[in-house]
Amino acid sequence: MSEFEPKIIIFLCNWCSYAGADLAGVSRYQYPTNARTVRVMCSTRVSPQIVLELLKDGADGVMVTGCHPGDCHYINGNYYTERRMEMAHRLLKLTGLESQRLRLDWVSASEGEKYAGVVTDFVKELKGLGPNPVHKDAKLASRLKAAVDASKNFRLKVLSSKEINLISKGNAYGEKINQQSVEGIMEQATEDEFKASLILQLTNKKSQSVKELAKELGEPTDRTIEHVVSLRSRNLLALDHIDGATPKYKAIVTGGA
Ligand code: FES
């Protein structure tokens, strides 16, 4: 049987890593040819939504590369990339898919050898993990879809774009928040939005009780009730019917099919 060859997407920043990849080729460094590359003007153009969509659709691995911190052509774009990929990693962990399938690395225009090395190392790691099981695992597919939906959430987008400023400049009142507290806030917000998206996924298929949802989410019912109350207040979830004495909820679907 032939060896598993992972399908990889690599995003290359036009100003650094694209030239680094080019140099790797010109210098004839040997590295695996598993990757499809996408050139972007700055690594920060790559959103968590894009990388999660690729993994949901079956990519075995996604790598985002950009200029080294301090060298971004747009001053600080790559600092935002770092925070966004951190959010994508948090969401990936919640889905159960190995978060090593997403990698962020810095490669300058003069680092052809480094580019060949990071690609070789990534392919080796993915071979160790095996194929992305999303197409054979309906539960994982549903969780990845929930992660994609959560990554589009307005609250998470705003929080991840404000993270750097909250630490360096402070909030609207000028109060600086330490990195640990900001990470705690991000962790909680990511988990809340992922679980809310998962509830909408599950109740979109059929109405569910809080107990059934809590079992799927793997959390105590009182936490699930909090998500249900929040979704109902946002007009995203409605009471469908009462089964005996048990309320069953259904997602409110808006727009076209
Ligand atoms: S221009 Fe290369 S990471 Fe921003």
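The expected span of a helix is 1.5 Å times one less than its number of residues. In this predicted model, helix α5 covers residues 138–151, and its 14 residues reach 20 Å from the first C-alpha to the last, close to the 20 Å expected at 1.5 Å a residue.

Within α5, the residues R143, L144, A146, A147, V148, A150 and S151 are buried. The elements that cover these buried residues include α2 (48–56) and α3 (77–95), together with α6 (154–168) and α7 (179–205). An α-helix has 3.6 residues a turn, so residues three or four places apart point the same way.

## The crossing of α5 and α7

One of the helices covering the buried residues of α5 is α7, and the axes of these two helices come within 8 Å and cross at roughly 125°. That angle makes α5 oblique to α7, and the crossing of the pair is right-handed.

On the α5 side, the residues that take part are S142, R143, K145, A146, A147, D149 and A150, which meet E193, F194, S197, L198 and Q201 of α7. Sorted by class, the contact of α5 with α7 consists of five nonpolar, three polar and four charged residues. Among the α5 residues in this contact, R143, A146, A147 and A150 also belong to the buried set of the helix.

## The packing of α8 and α9

Helix α8 spans residues 210–217 and helix α9 spans residues 221–233; their axes lie 9 Å apart, and the two helices pack at an angle of about 105°. Angles of 65 to 115 degrees count as roughly perpendicular, and α8 and α9 are therefore roughly perpendicular to each other.

The contact draws on V210, K211, L213, A214 and L217 from α8, and on T221, T224, I225 and V228 from α9. The residues of this contact of α8 with α9 divide by class into six nonpolar, two polar and one charged.

## K248 in strand β6

Strand β6 runs over residues 246–251 and contains K248. A residue is buried if 20 or more other C-beta atoms lie within 10 Å of its own, and exposed if 12 or fewer do; K248, with 16 C-beta neighbours inside 10 Å, therefore counts as partly exposed.

When residues up to four places away in sequence are not counted, K248 touches S207, Q208 and S209, as well as D240, H241 and D243. The C-alpha atoms of K248 and E212 are separated by 9.4 Å, although these two residues stand 36 residues apart along the chain.

Technical notes:
Residues numbered from 1 in each chain as written. Predicted model: local features only at pLDDT ≥ 70, side-chain atom pairs only at ≥ 80, totals over all residues. Axes fitted to C-alpha atoms, helices over the stretch in contact; angles between N-to-C directions. Helix = DSSP H or I, 4+ residues; strand = E, 2+ residues; numbered from the N terminus. Parallel < 35°, antiparallel > 145°, perpendicular 65-115°, else oblique. Contact = placed C-beta atoms within 7 Å. Nonpolar A, V, L, I, M, F, W, Y, C, P; charged D, E, K, R; others polar. Left-handed = near helix turned anticlockwise from the far one by under 90°.
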